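Good morning, everyone, and thank you for making the time.

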Amino acid sequence: MGRPDRHIRVTTMDKDGQNTQDVITMTQFVTQNGFSPLAQVEAYWEALRGSRMMPNRVEIDPRGIESALEYAFIVERIAPGIARLRIAGSHLSDLMGMEVRGIPLTSFITPNSRRQLSDLMEEVFEIPAVATLRLHAPASAGAPELEARLVMMPLKSDLGDVSRILGAFVAVGEIGRSPRRFEIVGSSTRPIRAGADATRPEHLKPAAPAPGKPVAPKAQIPGFAEATSQFDSRRPPRAKPGRSHLRLVKSDD
């Protein structure tokens, strides 16, 4: 059975300080088994980076991943292999049974798997790369078995160094008694290169048109586009209307 289209909105500033907005359709980004927030956050990151290696931390707008916000997080690298949560969605707090801001990301992982997570975070920072992990929490008294997924993508800080990670953590099932900790049962890394589609996975690439069929023009979305007018060199240019007021929202990060 088909799923309805989902969209994300990426808001950026052009060189004149004006807001520019793009809407990306999420139909091909939705995964199965309850882990769709991972694909939504990764697609948002891909849309922001464009042809660059990665986006900047200041570009992250929670409104762009509103439907996946409870699963999203940002960590800051404070030492090799150690990164603390700066921002975390409510799902992560539910898994730990407490406020998780300020704690290491490795706190969600069993002791025997923490070194592996630390090594994967270093790959995300240093290569740089996108890392995806498969996690499992065994059943115990008051805590049913859980399957989880984790995705991590690098971000540049305000200083230009790669010291932040945007990620998503999704556990499917009843959480039960917290805290819940997971062992790593599988992982993969995808090195990043400059170029919009250079290393983008198939599930995050726009679908190719069918052979022999013309590509239909994109429908205009009300509120996000303006009607175009034909250029006439004989007409004098019209004065630009006054700029709309902008509201700057700044994070403490």
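Which strands does helix 3 lie across, and at about what angle does helix 3 run to strand 8? Before I answer, let me say that this is a predicted model, in which local features need pLDDT of at least 70 and side-chain atom pairs count only at pLDDT 80 or more, while totals for chains, interfaces and linings use all residues. Residues are numbered from 1 along each chain as its sequence is written, and side-chain values use heavy atoms, with hydrogens and water left out.

Now the answer: helix 3 lies across strand 3, strand 4, strand 5, strand 6, strand 7 and strand 8, and runs at about 10° to strand 8. When I say helix or strand, I mean DSSP runs, H or I of at least four residues for helices and E of at least two for strands, numbered from the N terminus. For angles, axes are lines fitted to C-alpha atoms, for helices over the stretch in contact, and the angles run from 0 to 180 degrees between N-to-C directions.

Let me step back to the whole chain. The chain has three helices and eight strands, and along the sequence they follow the pattern β-β-α-β-β-α-α-β-β-β-β. Of its 253 residues, 38% count as buried, where buried means under 20% relative accessible area, exposed means over 50%, and partly exposed lies in between, with a 1.4 Å probe and protein chains only. If we take the contacts with a separation of 6 or more, 59% of them are between residues 24 or more positions apart, a contact being heavy atoms within 4.5 Å.

Six strands form an open sheet in the order 4-3-7-6-5-8, with antiparallel pairing, and two strands are said to pair if DSSP finds at least two bridges between them. The edge strands are strand 4 and strand 8, each of which pairs on one side only. On average, neighbouring strands of this sheet are turned by 25° against each other, direction ignored.

Within that sheet, please look at strand 6. Strand 6 pairs with strand 7 over ten bridges and with strand 5 over seven bridges, in both cases in the antiparallel sense. As examples, Val 151 has Ala 168 of strand 7 as its bridge partner, Leu 155 has Arg 164, and Leu 135 stands opposite Ala 148 of strand 6. Eight of the eleven residues of strand 6 are buried, so this strand is largely enclosed by the rest of the structure.

Is Leu 146, for instance, buried or exposed? Leu 146, which has its place in strand 6, counts as buried because its relative accessibility is 0%. Among the residues that Leu 146 touches are Leu 95, Leu 135, Ala 171 and Phe 182. The C-alpha atoms of Leu 146 and Glu 174 are separated by 7.5 Å, although these residues are 28 apart along the chain.

Let us return to helix 3. Its end C-alpha atoms are 23 Å apart, which agrees with the 22 Å that its 16 residues, 111-126, should span at 1.5 Å a residue; the expected span is 1.5 Å times one less than the number of residues. Its buried residues include Ser 113, Leu 117, Met 121 and Phe 125.

What about the nonpolar cores? By a nonpolar core I mean a set of buried Ala, Val, Leu, Ile, Met, Phe, Trp, Tyr and Cys residues joined through side-chain atoms within 4.5 Å. In the largest one, which has 31 residues, Phe 73, Phe 108, Met 152 and Phe 169 touch the most other members. Helix 3 gives the most to this core, with five residues. A second, separate core has 21 residues, including Leu 38 and Ile 65.

I will finish with some details of the backbone. Most residues other than glycine have a negative phi, and most peptide bonds are trans. In the hairpin of strand 6 and strand 7, with five residues between the strands, Gly 160 takes a positive phi near 95°. The peptide bond from Ile 127 to Pro 128 is cis, with omega near -15°, and Pro 128 sits in the loop between helix 3 and strand 5. Another cis peptide bond joins Ser 178 and Pro 179, with omega about 5°, and Pro 179 is in the loop between strand 7 and strand 8.

Definitions and conventions:
Lists of a residue's contacts leave out its neighbours within four places in sequence.
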